[in-house]
Amino acid sequence: MSEAPGVGILGTGSYLPSRVLSNFDLEKMVETSDEWIRTRTGIRERRLAAGGEFTSDMAVAAARRALEASGTRPEDLDMIVNATITPDMPWPSTACLIQEKLGAAKAFAFDVSAACSGFLYGLTTAHNFILSGTASRALVLGAEKLSSIIDWKDRNTCVLFGDGAGAAVLGPSERRRVLSVHLGSDGGAAELLCMPGGGSRRPTSPETLAGGLHFLKMEGKEVFKFAVKAMAAAAEEAIAKAGLKPSDIRLLIPHQANIRIVEATAKRLELPMEKVFVNLDKYGNTSAASVGIALDEVEAQGLLKPGDKVALVAFGAGLTWASVILEW
Ligand code: ACO
């Protein structure tokens, strides 16, 4: 995969719905405890979208902030790429709905489906469209209403996820420049993490609904094992492509799935936890939105200075993995 100077992040934004669901709230819904959730995952609370608030609405709120931060008008966007596994509808793409709501008339728009790796797949896609000259200014989004596909009676999954959106505007820039990217997939393990119903294989029917096939299904232990290896390996690949060593990385911004996965990744990379950004305690796993939200919080908190090397890394359903190295 190519590496080239001159394409960077011009501005970031994020949006978290206001409703907070704490571990203590979950104790009243399923047989679980704050202690179990905290020690197994690091999550304390997560945000839930309102009933009438959809993935596209959260994406638009995050996008407006990123557009403002980057000094970009919606009508100046050439492309919108939206990563999600919880689109407003199976089709048309949520990106098209976002384009309409933003008034980004000139932009072509499409979704990418790479689950928790989605934001980095979107970032890499936009980066390459800009490098090729097809687009100059791109809006990259990761937005999820995971609460709409969670079985709130299944304690194995309902404690892990939350809703939200992250955004970045990309364009020609020497600041926050993309140094290298690495993407990978393994469809052989697709069944470990999926929503089995509602597609062409098992169209929605009374039977699929009765079987709960419209909910997210996960083999947690297997996904955990995969994640620990894939996150570190993806980051190592991208770091090496940038001509760097893990010790050159000032900040690791990992997908926020589980603190134990994050800690294991940092350990494999021999990075101390002071060099790792964590906000999963507040938001849980927001899938495609996670890295975008984290990136925006890193920017808002002023954690980086020009020249710092940053590693973004994620894994997700597919299975998929991705890493992007930035020079701040
Ligand atoms: N509260 C209390 N007990 C629970 C809960 C809960 N919320 N959930 C599960 N348990 C029980 C299980 O039933 C099991 O009981 P049993 O031994 O009687 O069968 C016990 O706790 C232990 O479960 P384990 O599976 O051993 O727990 P583990 O340490 O593996 O942690 C977890 C489970 C947190 C799900 C972990 O496996 C994990 O984080 N996996 C990765 C998940 C992930 O990151 N997914 C991201 C992908 S998201 C995407 O791409 C959309």
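Predicted model: local features only at pLDDT ≥ 70, side-chain atom pairs only at ≥ 80, totals over all residues.
User: What area is buried between them?
Analyst: About 3,400 Å² is buried between domain 1 and domain 2, and carbon and sulfur atoms give 66% of that area. Buried area is the accessible area (1.4 Å probe) that two parts lose on being put together, summed over both. Of the area that domain 1 buries against domain 2, C116, L120 and Y121 supply 19%, more than any other three residues.

User: And how many salt bridges and polar contacts are there between the domains?
Analyst: There are 0 salt bridges between domain 1 and domain 2, a salt bridge being a side-chain nitrogen of Lys or Arg within 4 Å of a carboxyl oxygen of Asp or Glu. The two domains have 20 residue pairs in polar contact, both residues at pLDDT 80 or more. A polar contact is a pair of N or O atoms within 3.5 Å; within protein, one must be able to donate a hydrogen and the other to accept it, and residues adjacent in sequence count only if both atoms are side-chain atoms.

User: How many salt bridges does the whole structure have, then?
Analyst: A search of the whole structure finds 14. One of the salt bridges joins E222 and K225, whose closest N and O atoms are 3.0 Å apart.

User: Changing topic: which residues come nearest to the ligand?
Analyst: T32, R40, C116, K221 and N258 come nearest, of the 28 residues around the ligand; a residue counts as near if one of its heavy atoms lies within 4 Å.

User: Which ligand atom lies 3.0 Å from a polar side-chain atom of R260?
Analyst: That atom is an oxygen of the ligand. On the backbone side, an N or O atom of R155 lies 3.0 Å from a ligand nitrogen, and a polar backbone atom of G220 is also 3.0 Å from a nitrogen atom of the ligand.

Methods:
Residues numbered from 1 in each chain as written. Heavy atoms only, no water.
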